[in-house]
Amino acid sequence: MTQQNSSKNINLTLKVWRQVGPNVKGRLETYQANHISTDMSFLEMLDVVNEELILNHRDPIAFDHDCREGICGMCGAMVNGRAHGPEKGTTLCQLHMRHFSDQDTVIIEPWRSRAFRIIKDLVVDRSAFDKIIQAGGYISVSAGGTPDANVIPVPQEAAEKAMDAAACIGCGACVASCPNASAMLFVGAKVSHLALLPQGIPEAAIRALAMVKKMDDCGFGNCTNETECEAECPKEISITNIARLNREYIKAGLL
Amino acid sequence: MNWLADVIGSSIGKKMLMALTGLGFCVFLFGHLAGNMTIYGGKDAFNSYAEHLHSLGPLLTVAEIGLLLFATVHVLSGTLLFLGNLKARPQRYAMKKSAGGRTVGSRTMPYTGFLVLLFVVFHLMNFHFVDKTNTTIFQIVNNAFSDPIYVGIYVAAMIMVGIHVSHGFWSAFQTLGANHPKYMPFIKGLSIGFSLIVGMGFGFLPIYFLFLS
């Protein structure tokens, strides 16, 4: 049986945000991406464009990437107004060119938020997320001998919910897609995955207060329950985690 | 009391204020609509409802002060959140598309809210701060709604209220932490149902008066 090869080549017009540095004014520049195989990932397409730019002694487009299999959280850009592109539950590196048609115009912009400063082109500084984690996104454990398995019972449902929240890779798509540039889904996921497990409970109160305070200080916007974050999250993290963060915050702040 | 100021001043704290006062207004809307239904009972039923309400005396004043306080908190925290959100993204996207999360209600929340505020002032000037000697409330309402322009303004305002409530109602539950896959679909359904009841229930009254005249 012969296998049919469905791959083909397409030509695209790219409008890419170019910005030399954090304090320099940027603008959209137009590039042609020719003979792009539909089997390529979006980042591979950018690699092809960059190779041509380098051969022509021009500055390549700077973009973040690492694992290129949707687990590290490094990549991400707005593609035609959508975080990580038009597909649901995928990161930018998992977006394939088969979702585009020949002669399409593709607008590529960096995440935009006051809390995410643009470093260069599509690369943004997401250290605000690290600061939020440093404020309380951990558990304090005195290291010792390896504990026996199953010493602390964890109900299956709690483990599942905690795991769903822990799927957050910190890519920043929630902030980028939120009309208010709010980081509530990120903080909600981080607070939830620890608050749901016995090891996270002792510090749950200080954690919720400290992480929300840091989030506000970093300059993120306020959640207005637009639910765009949930719709764009590559790990499909639910806004029930934001509701849990709200509950944890009320408990910690008022009770 | 620093801890309380910290909690209320935080992004979640301000949202909690929005949610609590917003739900308070939903209860008020329900009561207001139930009272207004006496209009369908005729002139006497409506006037008698108004008289009974006013016979509450100081209790009514307390309720009015409460509503004013709720309105102040709702408008102030809403304005602070709105301005904070504008500041959070100084450079807008050249292209931004919804992934399907936003609704007409959520998209327009600050704007419908502002228009409803203008309407409330207009409404109070029409029916509350008016000379009520030698006339009845039914008469005042009847006179106002014999003018198609007034009817148009009121119907448009009620559509605004309906749109505002369609997002505000379920959103308040989410903000207060009450979101669970078990009951959230019901709350969301209730939100749409309540916004339709409010929008149509209030919105039809001016039209009814127009036809009556």
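## A two-chain predicted model

In the hairpin formed by S6(A) and S7(A), A:Asp121 has a positive phi near 45 degrees. Two residues lie between the strands of this hairpin. The model is predicted. Strand S6 of chain A covers residues 117-120, and strand S7 of chain A covers residues 123-125. The two strands run antiparallel and are joined by three bridges. A:Ile118 stands opposite A:Val124, a residue of S7(A).

**Other positive phi values**

Most residues other than glycine have a negative phi. A:His35 is a residue other than glycine with a positive phi, near 55 degrees. A:His35 belongs to strand S2 of chain A, residues 27-37. Is A:His35 buried or exposed? A:His35 counts as exposed, because its C-beta neighbours inside 10 Å number 8. A:Arg68 also has a positive phi, near 60 degrees. A:Arg68 sits in the loop between helix H1 (42-55) and strand S3 (78-79) of chain A. A:Arg68 has 16 C-beta neighbours inside 10 Å, so it counts as partly exposed.

**The two chains**

The table sets out the overall figures for each chain.

| Chain | Helices and strands | Span of C-alpha atoms along principal axes | Residues buried |
|---|---|---|---|
| Chain A | eight helices, seven strands | roughly 60 × 55 × 35 Å | 44% of 255 residues |

Read from the N terminus, the elements of chain B follow the order α-α-α-α-α-α-α-α. Take the contacts in chain B between residues at least 6 apart in sequence: 81% of them join residues at least 24 apart. In chain A, consider contacts with a separation of 6 or more. Residues 24 or more positions apart account for 70% of these contacts in chain A.

**Domains of chain A**

Chain A is divided into two domains: domain 1 (9-109) and domain 2 (126-143 + 153-254). The centres of these domains of chain A, taken over C-alpha atoms, are separated by 29 Å. Twelve residues of domain 1 of chain A make contact with ten residues of domain 2 of chain A. On the side of domain 1 that touches domain 2 in chain A, four residues are nonpolar, seven are polar and one is charged.

**A covered helix**

Helix H5 of chain A spans residues 184-195, twelve in number. From first C-alpha to last, H5(A) reaches 15 Å. That is close to the 16 Å expected at 1.5 Å a residue. How many of the twelve residues of H5(A) are buried? Twelve of the twelve are buried, and the helix H5(A) is mostly covered. Among the buried residues of H5(A) are A:Met184, A:Gly188, A:Lys190, A:His193 and A:Ala195.

Which helices do the buried residues of H5(A) pack against? They pack against helix H2 (127-136), helix H3 (156-166), helix H4 (173-177), helix H6 (204-217), helix H7 (228-232) and helix H8 (240-254) of chain A. A:Val187 is one of the buried residues of H5(A). Leaving aside neighbours within four places in sequence, A:Val187 is in contact with A:Ile132, A:Met211, A:Val212, A:Met215 and A:Leu245.

**The largest core**

In soluble globular proteins, nonpolar side chains tend to be buried together. The largest nonpolar core here has 93 residues. Those with the most contacts inside this core are A:Cys174, A:Val175, A:Leu185, A:Phe186 and A:Val187. Helix H7 of chain B (residues 148-175) gives the most to this core, with twelve residues. Chain A contributes from domain 1 (9-109) and from domain 2 (126-143 + 153-254), so the core lies between these two domains.

**Where the chains meet**

Chain B has 35 residues in contact with 39 residues of chain A. Four helices of chain B each supply at least two residues of the side that touches chain A: helix H2 (11-36), helix H4 (58-88), helix H5 (104-127) and H7. Which helix gives the most to this side of chain B? H4(B) does, with five residues. By class, the side of chain B that touches chain A has 13 nonpolar, 15 polar and seven charged residues.

Methods:
Residues are numbered from 1 along each chain as its sequence is written. Chains are lettered from A and ligands numbered from 1 in the order in which they are written. This is a predicted model: local features need pLDDT of at least 70, side-chain atom pairs count only at pLDDT 80 or more; totals for chains, interfaces and linings use all residues. A nonpolar core is a set of buried Ala, Val, Leu, Ile, Met, Phe, Trp, Tyr and Cys residues joined through C-beta atoms within 7 Å. A residue is buried if 20 or more other C-beta atoms lie within 10 Å of its own, exposed if 12 or fewer, and partly exposed in between; C-beta atoms are placed from the backbone. Domain bounds come from an automatic or database domain assignment. Two residues are in contact if their C-beta atoms, placed from the backbone, lie within 7 Å. Ala, Val, Leu, Ile, Met, Phe, Trp, Tyr, Cys and Pro count as nonpolar, Asp, Glu, Lys and Arg as charged, and the others, Gly among them, as polar. Two strands pair if DSSP finds at least two bridges between them. The expected span of a helix is 1.5 Å times one less than its number of residues.
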